[in-house]
Amino acid sequence: MKFPLFMLILLCLASCKSEAEDVQNTNDAKDTISFDKKIAIDTRGFDLEPQAKKYASNWLEFITAQNEVRKLENTTTRKVMDNATAISQIMNSLSISLPDSLRAVPVEARLNVLKTKASLLEQYAKKQQPDAQAVNRTTQEIYLEFNNLKLQMNELFLKTLEDFEKELDEFERMEREMDSISTEDTVENIVS
């Protein structure tokens with residue numbers, strides 16, 4: 001009697017284990033698909049204005065970060081996870097290396113946000129069981145925040161209202177001079 005009961009229990013355990021493995025295999029397949037999916041990133045961004053571009057072109061860490069952010073446009077969750085430590089290091093060095101010519105509170109704030117987002121990405125990627133949605137969302141946020149950094153850099157070089165008034169005054173002064181010169185030429189031609 002003990003033997004048939006023992007066999008029955010053994011068969012039940014084997015079938016339960018098989019069902020658990022099937023569920024695990026199905027979950028693994030879904031996870032693989034979500035990690036190999038391309039991240040949807042809104043690629044509308046800002047270009048640097050000429051003056052900001054002049055300073056940024058001499059800032060090696062900015063160029064490196066910009067190249068890394070551009071890679072995010074066509075990447076998968078798995079690739080971002082593999083590269084998360086490098087992204088975090090790049091954003092950290094970007095923050096540390098800010099040139100004095102671009103040092104302003106709004107730019108520094110954007111750099112801190114970028115550094116924080118990159119650190120979060122690295123943490124999400126290193127989890128024992130990473131969450132693809134958290135990685136994707138943070139990747140999209142890094143892309144957005146880098147564009148916000150460029151926007152803040154552009155705003156450093158925007159002219160103030162006083163600058164526009166000075167330019168307008170200078171333009172009007174030059175216009176009066178040109179008018180007076182052309183008037184003098186006309187008078188000389190009439191007299192001659």
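**Fold and confidence**

Modeller: Read along the sequence, the chain follows the pattern α-α-α-α-α-α-α, with helices (H or I, at least four residues) and strands (E, at least two) taken as DSSP runs numbered from the N terminus. This is a predicted model, in which local features need pLDDT of at least 70 and side-chain atom pairs count only at pLDDT 80 or more, while totals for chains, interfaces and linings use all residues. Residues are numbered from 1 along each chain as its sequence is written, and side-chain values use heavy atoms, with hydrogens and water left out.

Biologist: Where is confidence lowest and where is it highest?
Modeller: By pLDDT, the predictor's confidence in each residue from 0 to 100, the lowest is helix α1 (residues 2–35), at a mean of 55, and the highest is helix α5 (residues 105–126), at 95. Over residues 22–30 the pLDDT is below 50, and that stretch has zero contacts (heavy atoms within 4.5 Å) beyond near neighbours in sequence. Where pLDDT is low, the predicted coordinates should not be read in detail.

Biologist: Switching topic, at what angle do α3 and α6 cross?
Modeller: The axes of α3 (residues 60–71) and α6 (residues 132–156), lines fitted to C-alpha atoms over the stretch in contact, come within 10 Å and cross at roughly 140 degrees, on a scale from 0 to 180 degrees between N-to-C directions.
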